Amino acid sequence: GRGDGEPLRLMIELGNGHDVLAMFVYRPGRCLLVASETGRGFIVDEDETLAQTRNGKQVLNIAAGEEAAACVPVEEGADHVAALGRAGKLLIFPLAEVPVMARGRGVILQRYRQGGLADVKTFSLKSGLGWRTGRGMSSKTDLDDWLGRRGQAGRKPPPGFPRAMRFGG
């Protein structure tokens with residue numbers, strides 16, 4: 001719809017040192033996958049992210065100079081995580097390898113020589129991994145080449161994957 005043009009930063013009293021990473025409607029009982037640009041992340045119950053104060057609540061602890069890179073809902077029926085590095089490496093590993101925490105730094109999802117985490121997504125391996133292209137949605141179900149263990153580097157994404165290194169949908 002249309003708004004009155006009031007900046008979001010003023011509506012929610014967001015300080016100049018902070019940026020909005022993701023926004024979605026709260027759903028009780030849903031889980032979120034949060035990760036930093038260095039590839040560390042964990043799953044948090046969305047109920048644990050609610051704050052009683054106006055300043056909010058810090059869930060992901062990050063080091064100085066580091067930034068949060070992803071906050072995505074864990075899809076219903078998801079059993080795998082796809083982590084995508086800015087250097088163009090895709091790694092797929094079981095969702096069970098990611099711990100559920102209320103707060104912290106998390107574990108290493110994917111290792112990087114250069115760059116960092118570009119995007120992350122949860123999905124069902126049986127349904128396949130999907131991503132948005134200029135022509136719509138594409139998906140791939142034969143993902144054996146990218147399957148690995150959490151903390152590995154991964155391999156180049158399949159042909160036709162966007163150069164922007166984002167799943168986009």
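## Glu46 and its contacts

The side chain of Glu46 makes a polar contact with the side chain of Arg30, at 2.6 Å. A polar contact is a pair of N or O atoms within 3.5 Å; within protein, one must be able to donate a hydrogen and the other to accept it, and residues adjacent in sequence count only if both atoms are side-chain atoms. The Glu46 side chain also reaches the backbone nitrogen of Arg27, at 3.4 Å.

Glu46 sits in the loop between β2 and β3. Strands (E, at least two residues) are DSSP runs, numbered from the N terminus. Glu46 has 3% relative accessibility, so it counts as buried (under 20% relative accessible area, with a 1.4 Å probe and protein chains only). Leaving out residues up to four places away in sequence, Glu46 touches Phe24, Val25, Tyr26, Arg27, Arg30, Cys31 and Leu32. Contact here means heavy atoms within 4.5 Å.

## Basis of the model

This is a predicted model: local features need pLDDT of at least 70, side-chain atom pairs count only at pLDDT 80 or more, and totals for chains, interfaces and linings use all residues. Residues are numbered from 1 along each chain as its sequence is written, and side-chain values use heavy atoms, with hydrogens and water left out.

## The open sheet

Four strands form an open sheet with antiparallel pairing. Their order is β3-β1-β2-β6. Because β3 and β6 (107-108) stand at the edges with a single partner strand each, one side of each has no neighbour in the sheet.

Strand β2 (residues 40-45) is joined to β6 by two bridges. Two strands pair if DSSP finds at least two bridges between them. Gly41 has Val107 in β6 as its bridge partner.

## The largest pocket

The largest pocket has a volume of about 1,700 Å³. On a 1 Å grid over the protein atoms alone, a pocket is an open set of points where a 1.4 Å probe fits, with protein on both sides within 12 Å along at least five of seven lines. Grid points are joined across faces, edges and corners, and the volume is the space filled by probe spheres set on the points.

Lining residues have an atom within 4 Å of a point. β1 (31-36) and β3 (68-73) each supply at least two residues of this lining. β3 gives the most, with three.

## Met165

Met165 lies in the segment after β9 (136-140). Its phi is near 55 degrees, a positive value in a residue other than glycine. Met165 counts as buried, at 16% relative accessibility.

Key: Buried < 20%, exposed > 50% of the residue type's maximum accessible area, 1.4 Å probe, protein only.
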